Each structure stands twice: as C-alpha cells, then as structure tokens.
Amino acid sequence: NKTEFRNFPMVPRVVYGRGSFDQLADILLPKRKNSDAPFIFLVDDFFQDKTLVTRIPWLFNDQIIFVSANEEPKTEQVDALVHKIRQDFDEQPSGVVGIGGGSLLDLAKAVAVMLGNQGRAENFQGWDLVGRPSLYHVGVPTISGTGAEVSRTAVLSGPQKKLGINSDYTTFDQVVLDPDFLGSVPKQQWFYTGMDCFIHCVESLQGTYLNAFSQSYGEKAFDLCQDVFLGDLPKKDAEEKLMMASWHGGMSIAYSQVGVAHAMSYGLSHVLGIKHGLGNCLVFQHLNAFYPDGVTLFKQMLKKHLIVLPTGICVQLSDDQLDEMVHIALAMDPLWENALGPKWKERVKVEELKEIYLKI
Ligand code: NAD
Ligand code: ZN
C-alpha cells in the first residue's frame, strides 16, 4: 500500500513591500490578452470613495466592481457576477483582481474559477470538483489574518452549506502584499481578523495532523502574532508583521487543518450569520478544555487591546437552532479529527458543545 502524499499548489508569484500596489500595472500588462479582454477588479466598497481607486491600473474596457464585505460571499453572488461579466464582454476576460479582505479575496478566487468553468458555484463547493483551469487571478489583501491570500480554498455560503471551493485552480496566480493598506483598518476588525490567524496557529500546532512542514510555518506565524498582539511594536512594524503572520498561518493550515474553534464558528455563522473572525473569537474564549495555553494568551490579547466581545448572542436561541448549530459544527469531521484524533467522536459530547454555545 503506497502512501499518497497530497501535492499542493502554492502562490507562484508574490510581491511584498509598502507601495508595491503601484507595480500592479506592470504585473498585469503581459497578462492582457488583447484590448477587448478586460481585467475585472473586484474591490471592497470601503475603498469606493478613497484615493486607492485612482491607483487601480485600469486600461481599455477594464471593469471595477465594488462589493460590500458586510456579508460573507455567497454562491449566488458569484453566479450573478459571472453572469454579468459574460453579458458585458464578448471575450473571456484577461483575469480577475480581488482587492480587500478574506471576503473579497474569496469572491475573486471563486469568480476566476467559475469564469473558466460551466455551471453554478454551489456545485463546486467541496474538494477537487473543478475540472478546468480558472482565469488568471490576483489577490491584494487589505486586512490581514485569514490567510485567504495563500490558501487553495474560496469559502462560500451556498443554499446547502458554507463550504469552500477547494481546488488546485483556486489558489491565486499572483499576490501583492502591500502593508500600506492595513493603516485604515478599524481596531475591532483588526483584532477579529488578526485573531483568525492566531487561532489558525493554535489549532494547527495543537492538532494531530501536524507535521514539520505545517509546524515550521505555524510556529513562525504564532511568534509573529505574539509580537503583534502582546508586544509594543510601532504601528508600521506591527502591520508588516501581521501581514506575514497571515501568510505563514495560511501556509501552516495548507498541510494540516483547523480545529474546534473553526468547527463551532461555522455553526454560529450558519445559524446567526456571525462573521468568521468574530465567530472564532466568541468560541475560542470558552475553549480552555481544548486549548488552555492558547486561550490564556488570547485573553491577554483581549485585555491589552481593550477589546470587549459581544455577549448574550446565544441566550435567545431556540432548542432547534441550538441543535442545528451543534449539528453543523459536528459535521466538520476533519477539523475534529485534527483536534482530537481519530477517536474524536468518543471524546466530544453534544451537551458540552451546547454549554459552550450558551456561554456566548
Ligand atoms: P472581510 O473581508 O470580511 O472584511 C471585514 C471588514 O473590514 C469589512 O467591513 C471591510 O470593508 C473592512 N476592510 C477591509 N480592508 C480594510 C481596510 N484596509 N481599511 C478599512 N476597512 C477595511 O474580512 P476578513 O476577516 O479578512 O475576511 C473574512 C472572510 O474570510 C470570511 O468570509 C471567511 O469565510 C473568509 N476566510 C477565508 C479563508 C480562506 O482560506 N479562503 C480563511 C479564513 C477566512
Ligand atoms: Zn479562519
């Protein structure tokens, strides 16, 4: 019996540095198929009235589409964008550029995949269901923590489930890491999205799937998170380190998995629409039984940055809703297996999860 090792794609090109966004014009130029094959820029609508817009290197009939990140990306939103782009242009675009946080990065990845394939996005949620290459796509993160800039998934909410399009074609062809973008991120959001990275590290490093590959990235990201959230760095240094922490955190989970906080956060997101970063924080604070050291550090970080997490979120849930949350969480088999090992079903009890949810 030969062991099958998973063969992962990585982002083949990345540029890093303050102001590197202005290099995008030169990066895109050789990728332009002709003047009728546009680049589609999907941009977080936070930037709609900001000077960034004047720096987007659009040419010919390129299109800039502003998208709100208030809700996490949906399969039908991807389908609608793909439909619009196909209607607006006779030619297949030269590529897609996503500018924003995890929401916009995932949206751009999904649109690029679907422009290269036929059908509805919901049919591609899962593992390796994408048959044909995506369009060339570029990611420009403007907030750091999710690792969406390096990962091989585009997480979407569909009619049936919240699940990523996980495929070799999902990963970006090019990423632009420009820490200048992080300057405008509001404090709370900075913390929630940054904690996504911290929690990725804890879950990966404490997980049973860990190997030296994941560990090397996870430990680096973990150290960077401690510098950023518990150190006293100048703001710009902290921005730069968090951008690299997110990158390493994403690389770490490529070859391992996330764990209990993510599984339970999916339940919160599915039933109450709570966003990923906040959801992870809400759950993680109560996971002493699973990640005692990580939770201690997390509480120090909350305190240092005077972050008060919302409370009373689950008290009004009906029994059915609570059951559904637990059901969604427990359906994430690989996450539990990573957290607790192959016999995880013996170790995790429905009542225990309900108790945790009710504390939130
Ligand atoms: P986000 O994209 O949801 O954005 C959060 C908020 O920050 C929005 O209001 C946005 O407008 C604002 N924002 C972004 N950049 C800003 C800037 N420079 N200045 C001011 N405001 C700014 O945030 P996120 O936490 O990065 O992403 C969450 C999403 O990422 C979820 O949909 C989650 O499912 C996904 N995710 C994906 C992966 C992956 O591997 N693909 C991993 C983890 C999470
Ligand atoms: Zn996450």
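A polar contact here is a pair of N or O atoms within 3.5 Å; within protein, one of the two must be able to donate a hydrogen and the other to accept it. By that rule, eleven residue pairs are in polar contact across the interface of domain 1 and domain 2, counting pairs with both residues at pLDDT 80 or more. The model is a predicted one.

As for the domains themselves, the assignment puts domain 1 at 13-183 and domain 2 at 187-359. Between them they bury about 2,100 Å², with 62% of it on carbon and sulfur atoms. Within domain 1, the residues that lose the most area to domain 2 are Arg18, Val150 and Lys162, which together make up 26% of what that side buries.

Charge pairing also turns up at this boundary, with two salt bridges between the domains.

The whole structure holds 17 salt bridges. One of them joins Asp128 to Arg152, with the closest N and O atoms 2.6 Å apart. Asp128 sits in the loop between strand 5 (126-127) and strand 6 (137-141), and Arg152 in the loop between strand 6 and strand 7 (153-157), so the pair ties together parts 24 residues apart in sequence. Asp128 is partly exposed at 48% relative accessible area, whereas Arg152 is buried at 16%.

Another pair, Lys304 and Asp232, has its closest N and O atoms 2.9 Å apart. Lys304 belongs to helix 10 (residues 292-304) and Asp232 to the loop between helix 6 (212-230) and helix 7, so this bridge links parts 72 residues apart in sequence. Lys304 counts as partly exposed at 35% relative accessibility, while Asp232 is exposed at 70%. Salt bridges with shared partners also join Arg18, Asp180, Lys235, Glu239 and Glu240 into one network.

Then there is Ser252, found in helix 7 (residues 235-254). Its relative accessibility is 1%, so Ser252 counts as buried. Leaving aside residues up to four places away in sequence, Ser252 touches Ser204, Ser214, Tyr217 and Gly218.

Terms used
Residues numbered from 1 in each chain as written. Chains lettered and ligands numbered in written order. Predicted model: local features only at pLDDT ≥ 70, side-chain atom pairs only at ≥ 80, totals over all residues. Heavy atoms only, no water. Domains from an automatic or database assignment. Buried area = accessible area lost by both parts, 1.4 Å probe. Salt bridge = Lys/Arg side-chain N within 4 Å of Asp/Glu carboxyl O. Polar contact = N/O pair within 3.5 Å; in protein donor to acceptor, adjacent residues only side chain to side chain. Helix = DSSP H or I, 4+ residues; strand = E, 2+ residues; numbered from the N terminus. Buried < 20%, exposed > 50% of the residue type's maximum accessible area, 1.4 Å probe, protein only. Contact = heavy atoms within 4.5 Å.
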